[in-house]
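I wanted a quick look at how the side chains pack in this one. My notes follow the model.

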Amino acid sequence: MLAYIDVKHSYKIYGSGENETRANDDISFSLAKGELTIIVGASGAGKSTLLNILGGMDTNTKGDVIINGKNISKYDQRQLTTYRRHSIGFVFQFYNLIPNLTSLENVQLASEIAPDALDGEQVLNDVGLAKRMDNFPSELSGGEQQRVSIARAIAKNPEILLCDEPTGALDYHTGKKVLKLLQDFCHNSNKNVIIVTHNAAIKPMGDHVIEIGDGKVREDKVVKKPVSVEKIEW
Amino acid sequence: MAAMKKTLNQNIFREFKFSFARFISIVILISLGVYVLVGLKVTGHDMRITGNNYYTAHKMADAYVEGNTSFTRADQKYIKQLPHVSKAEFSTYRDAVIKNTHTTVRLLSNTSQISTNNVTKGRLPKAANEIALNNSERGKYQIGDSITFANNKNQSKVSGLKQTTFKIVGFVTSSDYINKQNLGTTTAGTGELNSFGVITKAAFKNYQPTVAKLDYNNLRGSSYDNEFENQIQQNVNDSQRGLNHRANLRQAALVNRAKHKINQQATELKRQQTALNKRRTQLSASASRLSATQRRQANRPIKAAQARIDQAKQKLQTTSNKLNSGNRVTYQIQSRNDYNLGYNEYGENSRKIDLLSNSFPIIFFAVAILVCVITMSRMGEESRIQLGTLRALGYSKFDTMKVFLSYGFLSGLIGTGLGAWIGTTFLPTQIFKTYSANFSVPDFHALISVKWILISLLISLVCTTVPGAYVAGRSLKEYPATLMLPKKPKRGAKILLERVPFIWKRLSFNYKVTFRNIFRFKLRMMMTILGVMGCTALLITGFGMRDSLSGVNTKQYHEIVHYDIISIFNPSATTKQKQAYERAVNNTSGIKYQTQIYYEGLTAKPRATNNQSVSLMVPKQPTKLNQFITLQNPDSNKAIRLSNNGAIITDKLAHLTNTKVGGHITLTNSTGKHYRIKVSGITQMYVGHSVYMNANYYHHRFGKRVAYNANMLKLNNRSDGNINRVASDLNQQPAALTSIQSNGAKKMVDNLLGGLNNIVLIITIAASALAFVVLFTLTNINVSERERELATIKVLGFYPGEVIMYVFRETFILTFVGILVGFVGGAWLHNFIMQTLPPDNAHVDLTLLWTNFATSAGLTIIFAFMVMFLMASKIKNIDMLGALKGVD
């Protein structure tokens with residue numbers, strides 16, 4: 001199996017000598033194309049650092065991070081920005097919608113800068129917000145806002161959809177719907193979706209689960225038959 | 001508890017430390033506002049106080065009576081008894097030229113009680129051969145030097161003085177001559193008085209007083225106070241009629257004495273003629289007895305005697321004619337404002353600054369305050385969570401608000417202190433310095449104006465403490481628990497522009513976002529526009545003022561006034577002298593055109609302002625007048641002609657006296673006689689008031705035929721040096737009285753311009769600083785309020801330039817709008833200031849040049865870019881990871 005995402009001996013080290021802290025300590029894993037990956041770990045385990053490195057918002061100290069053949073660990077700031085722009089769709093825990101833009105405009109804000117962007121209206125239609133297109137974020141519920149956020153990420157037509165605690169600010173049922181949306185998108189579009197979470201209960205829905213603890217990979221498991229989100233309870 | 005408070009104080013201290021840029025911004029804004037307000041408010045007052053101190057130190061005369069003939073003892077007694085005169089002192093003077101130069105000097109007899117000459121170095125003259133010179137000559141002469149004066153022909157002979165060479169024993173200052181350059185007009189040299197010196201009465205040949213210096217006992221207040229000035233003017237007005245009567249008596253006495261003398265001479269001549277006739281008869285009786293040669297010899301003395309007698313008769317006839325037609329005796333009384341050119345100009349200048357102080361600082365202060373209010377309310381909002389936490393911890397409302405109070409109080413106090421300090425010391429001194437180039441008033445008194453400092457402190461403190469405390473206080477009404485939750489971001493909303501699909505659809509996505517954001521924060525939008533508008537308007541006004549004033553000279557001397565000299569002669573000089581004068585005029589090299597006119601200095605008394613000097617000119621050949629002066633309608637530039645039933649007056653005079661074509665204007669001559677003159681036209685003029693009429697209308701109005709007394713000259717070479725040369729050459733003629741140089745007004749405008757240039761510079765720098773701080777502060781708030789938004793778009797993959805433009809597109813649009821509105825505001829402010837700022841006798845072109853707009857807009861745009869570069873690093877440093885965190 002050819003790795004689409006390949007992380008090899010990646011370290012993130014702060015300080016030196018006595019004060020040295022290793023947020024990521026020799027992390028390696030490979031993800032195949034089209035996998036829904038759940039990166040799970042407790043607070044402070046180093047999963048956020050990993051997310052930042054994968055998302056091109058931070059660089060590792062040593063090791064390689066190869067995304068679809070591009071070694072982003074060697075990238076400078078400008079290249080990282082281009083990488084974020086073209087390759088990453090980001091879904092935030094707190095949605096991070098621009099309050100002054102309508103749903104459609106929030107989606108367009110991202111698609112404007114991506115080279116192979118999808119049609120914003122179509123994407124919003126796909127996430128079930130056809131009727132909320134002209135509403136401002138303050139007029140939407142939390143779930144709806146997160147769907148706009150997902151639509152914004154999808155519309156860029158990125159290589160990876162990176163989701164940071166996507167259900168963290170949502171109630172149980174809404175959270176489930178959002179996860180379902182992500183799972184369906186992954187399986188229908190054959191794009192890689194990476195969900196970073198502390199909620200181990202959602203592990204069964206992933207095609208690939210990576211558990212992080214104390215900066216290291218504790219478990220790296222490819223799930224043969226992932227469970228549909230509807231069947232998971234927590 | 002004490003420990004807790006200590007931590008609270010620590011927290012307050014941190015607030016200062018972490019938001020140092022904001023703190024500095026507020027301090028700068030407040031100090032700029034206070035600086036300009038206090039500075040301009042006190043300067044005019046300081047100048048008047050300084051002037052008043054100077055006048056008091058010199059016991060300056062309240063009024064002057066000046067005679068063109070010396071006062072008799074009875075006259076002196078009469079003057080001493082004029083109403084309200086507490087003291088009178090008499091003196092006289094002669095004007096001379098420093099030998100081998102063009103420098104004209106007034107040699108005054110020293111006075112000890114009124115208008116004294118105060119010694120700055122050395123001492124006052126004691127002996128007849130000693131002189132104390134004007135203090136401004138200290139660079140050129142030293143004590144112990146001797147100085148020689150000459151008449152207009154450069155001969156060491158000055159009429160009325162016993163000697164012409166004096167030993168310099170000291171240097172003095174005087175309140176009567178406070179101008180440094182043009183001290184007045186004179187019959188000596190070039191016609192412009194350059195300096196003065198003090199000599200003893202003994203230095204005069206047959207000392208007779210011609211000037212009376214008066215002190216009044218009914219004055220209240222100090223120099224330049226309305227009450228003070230009006231009282232002097234009233235005293236002066238009340239006394240003129242009586243003085244005219246004295247002058248008439250003196251005239252009659254002089255005529256009688258002269259008549260008596262003429263009669264005596266006539267009798268004597270008659271006697272001689274009779275004797276001669278007798279001899280002639282005797283001679284003819286004895287002629288037969290004489291040879292032809294003897295007869296011739298005897299006849300010769302008789303012929304010579306006859307010639308002598310004829311000549312004497314002729315001379316007697318002219319003297320007698322002159323008596324009837326000659327210069328009448330005048331005793332003119334004038335207030336400080338009229339007898340003292342410098343006093344008037346100095347006061348005018350100080351009032352111009354008062355005028356500026358009523359417009360400029362208000363804009364500065366308003367802009368500064370608005371920005372402070374916004375900044376401090378923003379601070380109140382930012383600290384929401386902190387407030388909630390402190391409240392939850394059990395601190396009192398006052399304790400939690402302490403941070404705003406101390407922050408606001410300190411910034412307001414420091415800002416006011418700084419502004420008041422520079423405003424009290426630097427600004428007035430700088431402005432005064434520019435004027436002291438023209439006035440010899442030293443020792444500037446920078447007074448601390450408690451009133452204005454307190455007013456600015458009050459306003460500043462209100463603006464720095466209240467908004468923060470108010471916003472925080474409003475939040476404190478909520479429960480700590482809700483307070484600790486972030487406030488929901490301001491809702492987005494459709495803007496009006498979206499209802500115009502025609503435009504909205506054409507906007508690119510980025511501009512849609514920009515316009516939404518602009519209208520999301522309406523208050524900040526207004527503030528940015530207002531701030532930029534204020535600054536652009538101030539810059540336009542500053543540059544425009546300078547150009548408008550400097551345009552006066554170019555326009556005046558290129559478009560309106562073409563003559564260089566009006567050479568005034570004495571129409572009652574002997575025919576021979578007049579012929580010599582005419583020859584001198586005709587022989588002067590380099591004259592392009594010349595014409596004869598009648599010239600007289602009159603006074604207009606507009607109700608709203610001081611007395612205005614007006615030049616009356618009656619051309620001998622009205623058709624040639626346009627070679628010397630262009631008479632044209634100020635609006636249409638259409639030529640105006642002199643008519644038989646009215647006079648043409650200059651536009652500023654018409655404006656001051658509120659006269660229209662067809663109306664009347666009253667002018668007063670030196671003896672206080674009024675003439676009501678019909679206005680047949682109003683002509684364009686930039687500096688000085690004039691009235692032009694033809695000989696017919698003059699005859700009609702003044703009741704006598706015009707006696708031409710001046711030559712108007714236009715020279716080929718219009719340089720100052722050449723004008724001075726021609727003027728002093730002509731003044732050498734005994735028939736010449738004085739020369740009026742058209743460039744006198746030029747110098748006055750140049751001086752005023754010099755003074756204003758510095759003020760303009762100060763205002764421009766302050767306005768630039770204001771523009772910068774305003775843009776910086778507002779952009780800073782904009783960026784910090786939207787840090788999360790900016791972090792998000794960074795995560796989305798916006799390049800740094802795109803992120804900056806995401807914010808600055810708004811700033812630029814608002815700056816652009818602000819500049820456009822500023823154009824309108826600047827034009828208005830400039831118009832407002834230029835209508836009142838120029839001297840009363842100057843008319844200033846109010847049109848702004850396109851360069852004024854371009855420079856001001858250019859500067860504002862440069863500031864916007866500078867702010868952008870400063871902000872770029874702040875935006876660059878916004879941490880993307882901040883977007884991942886919860887809202888805080």
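This is a predicted model: local features need pLDDT of at least 70, side-chain atom pairs count only at pLDDT 80 or more; totals for chains, interfaces and linings use all residues.

I checked their geometry next. Tyr346(B) and Phe439(B) pair edge-to-face, with 5.3 Å centre to centre and 90° between the planes. Tyr346(B) sits in helix H7 of chain B and Phe439(B) in the loop between helix H10 (397–436) and helix H11 (450–476), so the pair ties together parts 93 residues apart in sequence.

Then I asked which other rings join in. Ring pairs link Tyr54(B), Tyr55(B), Tyr224(B), Tyr343(B), Tyr346(B) and Phe439(B) into a cluster. Tyr55(B) is buried at 1% relative accessible area, and Tyr343(B) is buried at 0%.

I also looked for charges over rings. Lys62(A) lies over the face of Tyr11(A), 4.6 Å from the ring centre. Arg809(B) does likewise over Tyr511(B), at 5.5 Å.

Last, I went to helix H16 (residues 575–587) of chain B. Its 13 residues should span 18 Å at 1.5 Å a residue, and the end C-alpha atoms are 18 Å apart, which agrees. I found Tyr581(B), Ala584(B) and Val585(B) to be its buried residues. Seen down the axis of H16(B), they fall within an arc of 100°, so they line one face of the helix. Lys576(B) and Asn587(B), on the other side, are exposed. The buried residues of H16(B) pack against several elements of chain B, including strand E14 (565–569) and helix H19 (720–731).

Technical notes:
Residues are numbered from 1 along each chain as its sequence is written. Chains are lettered from A and ligands numbered from 1 in the order in which they are written. Side-chain values use heavy atoms; hydrogens and water are left out. Helices (H or I, at least four residues) and strands (E, at least two) are DSSP runs, numbered from the N terminus. The expected span of a helix is 1.5 Å times one less than its number of residues. Buried means under 20% relative accessible area, exposed over 50%, partly exposed in between (1.4 Å probe, protein chains only). The arc is that of the directions from the helix axis to the C-beta atoms. Contact means heavy atoms within 4.5 Å. Rings of Phe, Tyr and Trp (its six-membered ring) pair if their centres lie within 6.5 Å; planes under 30 degrees apart count as stacked, over 60 as edge-to-face and the rest as tilted. A charge sits over a ring if NZ of Lys or CZ of Arg is within 6 Å of the ring centre and within 35 degrees of the ring normal.
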